[in-house]
Amino acid sequence: MSEPSPLSDPKRWMAAWRLAGADLERIRQSELRRVDTGQAVRALAGAFLYARRHFPPEPTSGLVEQQRWFARLR
């Protein structure tokens, strides 16, 4: 007979994710230590240029618009 799924028992599900979370964090930290920042920047340069070309920044920071909304809500 097979073992019941951890999803059927919330406590088992939480315990499984607690263990997995610690392992995933160790993997994440290991990958961050090994990343080549220069290579990552070069890999993302095309996407950055595309975004700048097709989604230019707004002329303002949005702070004035935010203050306008706050004034309306008062």
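Reader: Which residues form a nonpolar patch on the surface?

Author: This is a predicted model, in which local features need pLDDT of at least 70 and side-chain atom pairs count only at pLDDT 80 or more, while totals for chains, interfaces and linings use all residues. Residues are numbered from 1 along each chain as its sequence is written, and side-chain values use heavy atoms, with hydrogens and water left out. The nonpolar surface patch is formed by Leu7, Trp13, Met14, Trp17, Leu24 and Ile27, with about 660 Å² of accessible area together. A patch is made of residues with over 30% relative accessible area and no salt bridge; like charges are joined within 9 Å, and nonpolar side chains (Val, Leu, Ile, Met, Phe, Trp, Tyr) within 5 Å. The areas come from the Shrake-Rupley method with a 1.4 Å probe, and for residues only the protein chains shown count as cover.

Reader: Why is Trp17 called partly exposed?

Author: Buried means under 20% relative accessible area, exposed means over 50%, and partly exposed lies in between (1.4 Å probe, protein chains only). Trp17 has a relative accessible area of 48%, and is therefore partly exposed. This residue is found in helix α1.

Reader: What makes Gly21 and Ser30 partly exposed as well?

Author: The relative accessibility of Gly21 is 30%, so Gly21 counts as partly exposed. Ser30, at 25%, counts as partly exposed too. Gly21 lies in helix α1, which covers residues 10-34, and Ser30 lies in helix α1 also. Helices are DSSP runs (H or I, at least four residues; strands are E, at least two), numbered from the N terminus.

Reader: Why is the contact of Asp23 and Arg26 called a salt bridge?

Author: A salt bridge is a side-chain nitrogen of Lys or Arg within 4 Å of a carboxyl oxygen of Asp or Glu. For Asp23 and Arg26 the N to O distance is 2.2 Å, and their side chains meet in a salt bridge. Both lie in helix α1, three residues apart, about one turn of the helix. An α-helix has 3.6 residues a turn, so residues three or four places apart point the same way. Asp23 counts as partly exposed because its relative accessibility is 38%.

Reader: How many salt bridges are there by this rule?

Author: The count comes to three. In one of them, Arg28 pairs with Glu25, the closest N and O atoms being 3.0 Å apart. Because Arg28 and Glu25 are three residues apart in helix α1, about one helical turn separates them. In another, Arg68 pairs with Glu65, with 2.5 Å between the closest N and O atoms. These two residues are three residues apart in helix α3 (residues 63-73), and are therefore separated by about one helical turn. Arg68, at 40% relative accessibility, counts as partly exposed.

Reader: How do you know that the span of helix α2 agrees with its number of residues?

Author: The expected span is 1.5 Å times one less than the number of residues. Helix α2 (residues 37-54) has 18 residues and should therefore span 26 Å; its end C-alpha atoms are 25 Å apart, which agrees.

Reader: Where does α2 bend?

Author: The bend, of about 40 degrees, is at Leu44. A bend at a residue is the angle between axes fitted to the seven residues ending there and the seven starting there.
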